[in-house]
Amino acid sequence: MKCTAWLDKQHSEGKALLETSEILFRGEFRLKIPFSTIKSAKAVDGELRLQTAEGLAVFHLGAAAEKWRDKILHPKSRIEKLGVKPGAKVSLRGEFDAGFLTEIGNLTKSVSKSKVAPDSEWIFFAADSKEGLGALPKISKSMKGAAVLWIVYPKGQKHITENDVLAAGRKSGLKDVKVVGFSAVHTALKFVIPLSRR
């Protein structure tokens with residue numbers, strides 16, 4: 001969002017980004033404020049006021065200030081961001097961290113590992129390389145109706161990039177609709193069957 005930001009005596013017009021675990025600001029100066037370092041967050045008269053180790057950072061966001069404050073104080077869990085509902089039919093392809101497997105296990109007992117179950121509502125596909133994306137056409141053919149495919153891939157790598165994942169998903173006839181931070185080292189891109197083909 002375009003806004004004005006202040007930190008100590010510095011102030012600048014720029015763009016503020018509310019990420020999953022931090023606020024970024026790009027203007028005449030740059031800020032990266034992880035939620036974990038914020039001592040207090042207040043919304044006053046359209047300003048988001050964050051008390052940080054570096055001092056008070058103020059973002060003039062207008063009506064959005066309260067919404068941003070709430071997202072900072074009560075960030076969504078990974079499962080909430082991914083949208084998986086309790087009791088959903090989930091398929092997992094590839095290697096996932098133990099924490100994620102526990103989160104899915106706590107939510108549903110209907111989990112298929114290593115192959116995609118024909119009635120899956122949520123499919124998680126871990127792709128570690130561009131070559132690994134070769135399994136996508138087969139996965140996309142198994143999807144039905146409003147099924148969701150999340151492709152989870154390493155952040156900031158040259159051997160598999162966001163563009164590689166987007167291209168492979170689109171080539172398989174799917175539409176990309178959302179991106180979330182999956183973990184400190186992985187990103188997840190959400191794909192669905194286009195409405196015209198359901």
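Reader: Where do I start, what helices and strands does the protein chain have?

Author: The secondary structure of this predicted model comes to 5 helices and 13 strands. Taken along the principal axes, the C-alpha atoms of the protein chain fill a box of roughly 60 × 35 × 35 Å.

Reader: And how much of the protein chain counts as buried?

Author: The protein chain has 198 residues, and 45% of them count as buried. The accessible surface comes to about 11,100 Å², and carbon and sulfur atoms hold 53% of that area.

Reader: What share of the contacts joins residues 24 or more positions apart?

Author: If you take the contacts with a separation of 6 or more, 52% of them are between residues 24 or more positions apart in the protein chain.

Reader: Where on the surface do positive charges gather?

Author: One patch of positive charge on the surface brings together Lys 67, Lys 71, Lys 76, Lys 85 and Lys 178. Of these, Lys 85 sits in the loop that runs between α2 (78-82) and β8 (90-93).

Reader: Is Lys 85 buried or exposed, and why do you say so?

Author: Lys 85 is called exposed because its relative accessible area is 52%, and the cut-off for that word is over 50%.

Reader: What about salt bridges, how many are there?

Author: The count comes to 6 salt bridges. As a general point, side chains of opposite charge can pair when their charged atoms come close.

Reader: Which residue does Asp 97 pair with?

Author: Asp 97 forms a salt bridge with Arg 78, and the closest N and O atoms of that pair are 3.5 Å apart. This pair links distant parts of the chain, since Asp 97 is in the loop between β8 and α3 (98-107) while Arg 78 is in helix α2, 19 residues apart.

Reader: What else does Arg 78 meet in a salt bridge?

Author: The side chain of Arg 78 also meets that of Glu 103 in a salt bridge, at 2.9 Å from N to O. Arg 78 lies in helix α2 and Glu 103 in helix α3, so this pair ties together parts that are 25 residues apart in sequence. For its part, Glu 103 is partly exposed, with a relative accessible area of 26%.

Reader: And Asp 70, which residue is its partner?

Author: Asp 70 forms a salt bridge with Arg 69, where the closest N and O atoms are 3.1 Å apart. Asp 70 is partly exposed, with a relative accessible area of 34%.

Reader: Let's go to helix α5. Which of its residues are buried?

Author: Helix α5 covers residues 162-171, and its buried residues include Asp 164, Val 165, Leu 166, Ala 168 and Gly 169.

Reader: So what covers the buried residues of α5?

Author: The cover includes helix α4 (136-142) and the strands β11 (148-154), β12 (175-181) and β13 (186-192). Just after α5, Gly 173 takes a positive phi of about 85°.

Reader: Which residues other than glycine have a positive phi?

Author: Asp 8 is one of them, with phi near 55°, and Asp 8 is found in the loop between β1 (2-7) and β2. Another case is Ser 114, with phi near 75°, whose place is in the loop between β9 (111-113) and β10 (122-126).

Reader: Are those two buried or exposed?

Author: Asp 8 counts as exposed at 58% relative accessibility, and Ser 114 is exposed too, with a relative accessible area of 59%.

Reader: Last one, what does Ser 21 touch?

Author: Leaving out residues up to four places away in sequence, Ser 21 touches Pro 34 and Phe 35. Ser 21 is found in the loop between β2 (10-18) and β3 (22-27), and Ser 21 is partly exposed, with a relative accessible area of 44%. From Ser 21 to Ser 110 the separation is 89 residues in sequence and 30 Å in space, C-alpha to C-alpha.

Methods. Residues numbered from 1 in each chain as written. Predicted model: local features only at pLDDT ≥ 70, side-chain atom pairs only at ≥ 80, totals over all residues. Heavy atoms only, no water. Patch = residues over 30% accessible without salt bridge, like charges linked within 9 Å, V, L, I, M, F, W, Y side chains within 5 Å. Areas by Shrake-Rupley, 256 points an atom, 1.4 Å probe, with all protein chains shown as cover. Salt bridge = Lys/Arg side-chain N within 4 Å of Asp/Glu carboxyl O. Lys, Arg positive; Asp, Glu negative; His and termini not counted. Charge placed at Lys NZ, Arg CZ, Asp CG, Glu CD. Helix = DSSP H or I, 4+ residues; strand = E, 2+ residues; numbered from the N terminus. Buried < 20%, exposed > 50% of the residue type's maximum accessible area, 1.4 Å probe, protein only. Contact = heavy atoms within 4.5 Å.
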